[in-house]
Amino acid sequence: MSLIPIAEPRAKTTVASLREKKLRHEPITCLTAYDYASARLVDAAAIDIVLVGDSLAQAMLGYENTLSVTMDEMLHHAKAVRRGVRHALLVVDMPYGSYHVNADEAVRNAARFVKEAGAEAVKLEGGEKRADLIRRIIDAEIPVAGHIGLTPQSVNVMSGYKVQGKSLPDVERLMRDAVALDRAGVICIFLEGIPREVAAMISSEVGTPTIGIGAGLECDGQVLVFHDILNLTFGAPAKFVRRYGDAAALITDAVQHFAADVRTRQYPSDDESYHLPKETQAALETIADRKRALRR
């Protein structure tokens, strides 16, 4: 008689295991999640990193960009995601303004994500100019993920969401930023909206894993927004977005069917309704019979 093999328990993704994946040339997977349900589903799919991105500003809260989302809003969603994640590494974006005033405030805010929301790392945008701040946060025993290239919190400075690193000086700047983050000790570097060739150069130059979003195949891993891959963003997707499902169509169809069933009294059915116990029903019928008799 053949024995059914027992599935190996899934290992917890850690800061160390991310570097091991880079050394073994194993691609790293990362998706955003903003609530308990999406976190449960993403974690169950064996994704390595769950990112509570400040993109929840648009995806969940309807803001125009990421600049408006607050610490309290990020904490609220991060707490919900924490309850749904068991195996992935949980990384949370530090929102605009939470690390821009001074280093002490930045460390306090980073610590809030760890203490109040169970984050295992925080992510902040910027290269060389953030290196000293990143060291301060790491000194507080908080792992940090870097983010360079197209940095959405700098949308006003960049005059829109534009691909970065097209000119030679810009390529050199990105290389300096990546090296500075690597030396500062980040756990990974998110590369957004940069030419594939530049991302390949960075990925081969630094020891820390690179996670691409619109940065080509040569990155050590890839990240996309949960709502983007499921067509839940209500707009034209960026060039790098691949849609893997159409949740918008599924949800719309389900809601329309529900509304139609209610309007035509096909919902709820008798089987979907609760009923009185037979004894109670019989007692009520007896009371009704007595009332009818008295009215005669």
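Visitor: Which residues is Leu 31 in contact with, leaving aside its neighbours within four places in sequence?

Guide: Leu 31 is in contact with Val 42, Ile 47, Ile 49, Val 50, Leu 51, Val 223, Leu 224, Val 225, Phe 226 and Ile 229, where contact means heavy atoms within 4.5 Å. The model is predicted, so local features need pLDDT of at least 70 and side-chain atom pairs count only at pLDDT 80 or more, while totals for chains, interfaces and linings use all residues. Residues are numbered from 1 along each chain as its sequence is written, and side-chain values use heavy atoms, with hydrogens and water left out.

Visitor: Why is Leu 31 called buried?

Guide: Leu 31 has a relative accessible area of 13%. Buried means under 20%, exposed over 50% and partly exposed in between, with a 1.4 Å probe and protein chains only; Leu 31 is therefore buried. Its place is in strand β1 (residues 28-32), strands (E, at least two residues) and helices (H or I, at least four) being DSSP runs numbered from the N terminus.

Visitor: What makes α5 oblique to α6?

Guide: Helix α5 (residues 103-117) and helix α6 (residues 131-139) pack at about 45 degrees, with their axes 10 Å apart. Axes are lines fitted to C-alpha atoms, for helices over the stretch in contact, and angles run from 0 to 180 degrees between N-to-C directions. Angles under 35 degrees count as roughly parallel, over 145 as roughly antiparallel, 65 to 115 as roughly perpendicular and the rest as oblique; α5 is therefore oblique to α6. The contact is made by Ala 103, Asp 104, Ala 106, Val 107 and Ala 110 of α5 and Leu 133, Arg 136 and Ile 137 of α6.

Visitor: Why is α8 described as roughly parallel to α9?

Guide: The axes of helix α8 and helix α9 (residues 196-205) cross at roughly 30 degrees and come within 10 Å. That angle makes α8 roughly parallel to α9. Their contact is made by Val 171, Leu 174, Met 175, Ala 178 and Val 179 of α8 and Val 198, Met 201, Ile 202 and Glu 205 of α9.

Visitor: Which residues touch the most other members of the largest nonpolar core?

Guide: A nonpolar core is a set of buried Ala, Val, Leu, Ile, Met, Phe, Trp, Tyr and Cys residues joined through side-chain atoms within 4.5 Å. Of the 59 residues in the largest one, Phe 113, Ile 137, Leu 191 and Ile 202 touch the most other members. Helix α8 (residues 168-184) gives the most to this core, with seven residues. A second, separate core of 15 residues includes Leu 51, Ala 121, Cys 188 and Ile 213.
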